[in-house]
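Welcome, and thanks for opening the viewer. Let us walk through this protein one selection at a time.

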Amino acid sequence: MEAKRGRPKKQELVVTEQQREELERLVRQPRKSRATAFRARIILECDGGLSNAAVAAKLRTTGFTVGFWRNRFIVGGISTLGDEPRPGAPREIGDDKIEQVVRLTLEKAPKGATHWSSRMLATRTGLSQSTISRIWRAFGLKPHRSETFQLSNDPLLVDKVRDIIGLYLSPPHHALVLCVDEKSQIQALSRNQPVLPLRSGQLERRTHDYQRHGVTSLFAALDIATGRVLGKCYRRHRSVEFLDFLKKIDAAAPADLDVHLVLDNYGTHKTAKVRQWLQKRPRYHLHFTPTHASWLNQVERWFALLTQRQIKRGSHRSVSELEDAIRKFIAVHNEQPKPFLWTKSASQILESIARFASTTLAAHQPNTSARNQ
């Protein structure tokens, strides 16, 4: 009598300690590798002793998918969890040509220009403009764009960074921490012709020319704990106005709290009258940002919101109208204030500055081999 054939025995899955570490690393991969991460998670769940059906239910997939990747791993290990190369037309541009494009972009400038355009480099290399653009995108090259930077030369840079970041990440108890600064010379501008409003399928449009109606300066103090802003506009920007704003802060701050002010090194903050006023009020503690490091002052981020949402696209026919708009923006902001979340530690910031400085210095040092020739 012929014996009945049962279901084939499931192959045993064995994961070594080294493979488990690699699988856990794959699970933590960024979003672009989520397919491989999901397959790695299947293997880790199977290694935990669960059946294919239990793993499928837990990961919300099918038993076939779990079994497929389980068998692939048993046969070939971690390398089989990736996607196989897809068929397609063979590449026509070799690595040498791609390297030539990248080297020319990074190391040489075209004749009579400061940087390459895709058309100029296409003419130089004999490739098409679209090919040059694709190579630039693949290597993250944007020769048509540039940015500015300014490294601080403050001899007390390290101490000041640690002091201010310490205030942000671990503010003192029973104290008020305020980021104070001035946004000076805000222009009241009106367009010479009426603005064409936003319509369906059409952007808001305005003329490039405008009329100036005067300037104002905004003094502002941002409470890092609540996000509330205390502000006042002045027609002039002197130590007299700054001292008046300090008195406004003093009137608003609870009398039983110490007040820590984060400031930049502008001259109006250090005049004799300001120092005398502060000496009479020992509850005030000043923390100055390093030179060329205004980005450490959180109120600068709030100034950016003010510029983006009110000033940049606003049209004001007088300074009074501009100041009314600024006061309204502050009032609306304070109805639902939200503090900025500072995430980087002082050590991370200083390490980033050190790397940037080293890279900049290395880029401008003469080649050692060229000097020896």
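Start by selecting W302, which touches L218, A220, V229, F329, I330, H333 and F340, not counting residues up to four places away in sequence. Contact here means heavy atoms within 4.5 Å. Before going on, note that this is a predicted model, in which local features need pLDDT of at least 70 and side-chain atom pairs count only at pLDDT 80 or more, while totals for chains, interfaces and linings use all residues. Residues are numbered from 1 along each chain as its sequence is written, and side-chain values use heavy atoms, with hydrogens and water left out.

Buried means under 20% relative accessible area, exposed means over 50%, and partly exposed is in between (1.4 Å probe, protein chains only).

Helices (H or I, at least four residues) and strands (E, at least two) are DSSP runs, numbered from the N terminus.

Next, select N334 in helix α12. Is N334 buried or exposed? N334 counts as buried because its relative accessibility is 13%. Leaving aside neighbours within four places in sequence, N334 is in contact with R228 and V229. Zoom in on V229: its backbone oxygen lies 2.9 Å from a polar atom of the N334 side chain.

**Helix α9**

Move to S239, in helix α9 (residues 239-252). With 19% relative accessibility, S239 counts as buried.

**Two backbone angles**

Most residues other than glycine have a negative phi. Two stops on the tour go the other way. Select Q185 in strand β1, where phi is near 55°, a positive value in a residue other than glycine. Q185 counts as exposed because its relative accessibility is 52%. Then go to H292, in the loop between β5 (284-288) and α11. H292 is not a glycine, yet has a positive phi of about 60°. With a relative accessible area of 44%, H292 is partly exposed.

Jump to W136, in helix α7 (residues 129-139). W136 is buried, with a relative accessible area of 7%. Which residues is W136 in contact with, leaving aside neighbours within four places in sequence? Select V101, T105, W116, S117, S118, L121, L141 and P143 to see them.

Now pick R25, in helix α1. R25 counts as partly exposed, at 41% relative accessibility. Between R25 and A37 there are 8.5 Å in space, C-alpha to C-alpha, and the two are 12 residues apart in sequence.

Stay with helix α1 (residues 17-27) and select E17. The side chains of E17 and R20 are joined by a polar contact of 3.0 Å. A polar contact is a pair of N or O atoms within 3.5 Å; within protein, one must be able to donate a hydrogen and the other to accept it, and residues adjacent in sequence count only if both atoms are side-chain atoms. For another distance, draw a line from E17 to P90: their C-alpha atoms are separated by 39 Å, and the residues are 73 apart along the chain.

**Last stop: the largest pocket**

Rolling a probe the size of a water molecule over the atoms shows where empty space is left. Finish by selecting R145, S146, E147, T148, F149, F356, T359, T360, A363 and H364, which line the largest pocket. On a 1 Å grid over the protein atoms alone, a pocket is an open set of points where a 1.4 Å probe fits, with protein on both sides within 12 Å along at least five of seven lines; lining residues have an atom within 4 Å of a point.
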